[in-house]
Amino acid sequence: MRAMVLAAGFGKRLQPITLQRPKPLVEVAGRSLLERTLDQLARSNIEEAIVNVHYLGDQIIEFARTCDHSVNITISDERDTVLETAGGIVKALPLLGNEPFISVNADTFWVEKSSAQPTISAMGAAFDADEMDLLLLVCSPSQAIGHSGGLDFVLAEDGRIARAGDTKEGYIYAGVAVINPRIFDRALATPHSLNRYFDSAIASGRLYGVRLEDAYWYTVSTPESLKAVEAHLRAHGDMAPLLRHES
C-alpha cells in the first residue's frame, strides 16, 4: 500500500515559525513533523510515500533528496498552484496507482505502544472496498493534544460515520484515511477539499471510521499548540524507535 502525505499547506496559524520554514519541517521535540509521519508509515511497512509540496516547497524537495529513511519519497509538485487536499490527491493519482492507499496529514502524529499493532496497518487490514469508499481514523477529545477545534464525526456501532453537527459527544478526525481511488473518477486536479468526498460517502453509507486506541494524538497548528505538544511529549515519553535506514 502506498501513502499520500499532504504537506502543501501554508501553516499560517503557526506563524512566525512558518515564515521561513514549511510546516512539515517544523521540529517537535527535535524531530520534524514530516519525519514523524514517515516513521509511522515505516512502522506499518509502507515503503513508498508521495509527498505534495507548495509553500516553501523547495525545502521539502531538498529534505526528500537528502534524508536517510526507509520510506522512499516521491514529490508531487504543486508549487505553481496549491490544490488543497483533494486536488492534491487527484494530481498524484498516477503515482498512487489503482489500489486503495493511505492519506496522512503532515501536521499530526500519535504515539502508540511498540508492542501494539501499528494503527495504519490495522486500518489497511480493516478496509473493505466492497463496503467502504473511505475509512477514517478518529480519536476522542480526551486523547487529543494541541487540538483547538470542535468535534468532527459521530461513529455508529457498525463503524459508519456521520457529521457531528451540534452533538456534545463524538470524535475528531485524526488526519489519516484509507481511500479507494475510484471515488475520484472524473475528478480534476483543481483546488477542492476532501470534505466533498466525505459527504458523498456519508450520503451513500460508505464512510467508515476506526478509533485510535490506547494512544495520544498530537496536532500542531499554532505556536501555543506546539508548546503544548512538546510539553506533553516530555511528560509522557516520545516514540523511541526512529526506524531509519542505516546505510
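Visitor: Which side chain meets Asp133 in a salt bridge?
Guide: Arg206 does, with N and O 2.8 Å apart; a salt bridge here is a side-chain nitrogen of Lys or Arg within 4 Å of a carboxyl oxygen of Asp or Glu. This is a predicted model, in which local features need pLDDT of at least 70 and side-chain atom pairs count only at pLDDT 80 or more, while totals for chains, interfaces and linings use all residues. Residues are numbered from 1 along each chain as its sequence is written, and side-chain values use heavy atoms, with hydrogens and water left out.

Visitor: And where do Asp133 and Arg206 lie?
Guide: Asp133 is in the loop between α4 and β8, and Arg206 is in the loop between α5 (195-203) and β13 (207-211), so the pair ties together parts that are 73 residues apart in sequence.

Visitor: Are both of them buried or exposed?
Guide: Asp133 and Arg206 are both buried, where buried means under 20% relative accessible area, exposed over 50%, and partly exposed in between, with a 1.4 Å probe and protein chains only.

Visitor: How many salt bridges does a search of the whole structure find?
Guide: The search finds 12 salt bridges. One of the networks to look at links Arg31, Glu35 and Asp39, and within it the side chains of Arg31 and Glu35 meet at 3.3 Å, N to O. Arg31 counts as buried at 9% relative accessibility, and Glu35 is buried as well, at 14%.

Visitor: What about Arg160, which residue does it form a salt bridge with?
Guide: Its partner is Asp158, the closest N and O atoms being 2.6 Å apart. Here Arg160 is partly exposed, with a relative accessible area of 31%, and Asp158 is partly exposed too, at 43%.

Visitor: Switching to the core: which residues touch the most other members of the largest one?
Guide: The largest nonpolar core has 37 residues, of which Leu38, Leu41, Ile102, Val176 and Trp217 touch the most other members; such a core is a set of buried Ala, Val, Leu, Ile, Met, Phe, Trp, Tyr and Cys residues joined through side-chain atoms within 4.5 Å. Among the elements that give two or more residues to this core are α1 (33-43), β6 (101-105), α4 (119-126) and β12 (172-179). There is also a second, separate core of 26 residues, which includes Ala92, Tyr173, Ala201 and Leu207.

Visitor: And what does Val176 touch?
Guide: Leaving out residues up to four places away in sequence, Val176 touches Ile102, Ser103, Val104, Trp110, Ile120, Met123, Leu135, Leu136 and Leu137, a contact being heavy atoms within 4.5 Å.

Visitor: How many aromatic pairs does the structure hold?
Guide: It holds five, where rings of Phe, Tyr and Trp (its six-membered ring) pair if their centres lie within 6.5 Å, and planes under 30 degrees apart count as stacked, over 60 as edge-to-face and the rest as tilted. The rings of Phe10 and Tyr55 have their centres 5.6 Å apart and their planes at 45 degrees, so this pair is tilted. Phe10 counts as partly exposed at 35% relative accessibility, whereas Tyr55 counts as buried at 17%. For Tyr173 and Phe198 the ring centres are 5.5 Å apart and the planes are at 80 degrees, so that pair is edge-to-face. It links distant parts of the chain, with Tyr173 in strand β12 and Phe198 in helix α5, 25 residues apart. Together with Phe153, Tyr173 and Phe198 form one aromatic cluster.

Visitor: Which residue lies over the face of Phe10?
Guide: Lys12 does, at 5.4 Å from the ring centre, the criterion being NZ of Lys or CZ of Arg within 6 Å of the ring centre and within 35 degrees of the ring normal. Likewise, the charged end of Arg36 sits over the ring of Phe109, 4.8 Å from its centre.

Visitor: Last one, overall: how many helices and strands does the protein have?
Guide: The protein has six helices and 14 strands. Its radius of gyration is 17 Å, close to the 18 Å that the globule rule gives for 247 residues, so it is as compact as a globular protein of that length; the radius is taken over C-alpha atoms, and the rule is 2.2 Å times the number of residues to the power 0.38. Buried residues make up 51% of the 247 residues, and residues 24 or more positions apart account for 77% of the contacts with a separation of 6 or more.

Methods. Helices (H or I, at least four residues) and strands (E, at least two) are DSSP runs, numbered from the N terminus.
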